[in-house]
Amino acid sequence: MTGADQPAPPADARAELTQRLTEWDARIIDGANHASAKAFNLGCVVGLLPAALIVLLTFLLTRFSWVGALVMAALMVMALILFANVAAGSAHRNTIKRIAAAEIEPELERALSELRLDRSDLIEIAQAALPEGSPLRSYLDLAEPAGAATEGSD
């Protein structure tokens with residue numbers, strides 16, 4: 001049975017799922033932003049003591065040259081920002097995956113059964129309702145079963 005043979009889901013079920021999808025997407029974005037901010041702050045704080053020690057060591061090894069210490073301080077600030085950004089990016093990606101799989105997926109399955117919709121309806125509604133770069137839309141595109149894309153081509 002192809003997607004064209006199935007009756008279209010009721011409009012109110014589609015509207016309800018659309019609303020839930022946008023709420024879940026916002027929840028994923030909020031959680032990921034919070035986690036990346038915490039990771040960035042932690043990355044900066046953790047690196048402060050080693051950076052200060054390296055600057056002090058540079059000051060001593062250059063025979064009390066303020067120029068050498070200032071150059072090293074600038075390099076340490078850039079390294080701290082780079083490290084903190086890498087940590088924040090990793091936390092952002094991992095939090096999106098964790099929230100989507102552990103929190104949103106069970107709610108999504110319950111909503112589909114409540115609204116009497118199937119996974120193909122979900123993908124169709126998500127593609128229409130969510131913006132192109134949305135984390136929930138990306139998760140659903142990746143989580144789509146491999147056979148689902150080829151069923152309609154037979």
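## Close-up views, legend by legend

**View 1. Trp66 out in the open.** With a relative accessibility of 62%, Trp66 counts as exposed. For these labels, buried is under 20% relative accessible area, exposed is over 50%, and partly exposed sits in between, using a 1.4 Å probe and protein chains only. Keep in mind that this is a predicted model, where local features need pLDDT of at least 70, side-chain atom pairs count only at pLDDT 80 or more, and totals for chains, interfaces and linings use all residues. Residues are numbered from 1 along each chain as its sequence is written, and side-chain values use heavy atoms, with hydrogens and water left out.

**View 2. The aromatic pairs.** Searching the whole structure turns up two aromatic pairs. Phe59 and Phe64 make an edge-to-face pair, because their ring centres are 5.4 Å apart and their planes sit at 75 degrees. Phe59 also pairs with Trp66, this time tilted, since the centres are 4.6 Å apart and the planes are at 45 degrees. Here, rings of Phe, Tyr and Trp (its six-membered ring) pair if their centres lie within 6.5 Å; planes under 30 degrees apart are stacked, over 60 edge-to-face, and the rest tilted. Put together, the ring pairs tie Phe59, Phe64 and Trp66 into a cluster.

**View 3. Phe59 and Phe64, buried or exposed?** Phe59 has 16% relative accessibility, so Phe59 counts as buried. Phe64 comes in at 54%, so Phe64 counts as exposed.

**View 4. Helix H1, end to end.** H1 covers residues 11-61, and at 1.5 Å a residue its 51 residues should span 75 Å; the end C-alpha atoms are 73 Å apart, which agrees. That expected span is 1.5 Å times one less than the number of residues. Helices are DSSP runs (H or I, at least four residues), as are strands (E, at least two), numbered from the N terminus.

**View 5. The kink at Leu48.** H1 bends by about 40 degrees at Leu48, shortly before the proline Pro50. The bend is the angle between axes fitted to the seven residues ending at a residue and the seven starting there. After H1 comes Arg63, with a positive phi near 60 degrees.

**View 6. The surrounding chain.** The protein chain has five helices and zero strands. Of its 154 residues, 31% are buried.
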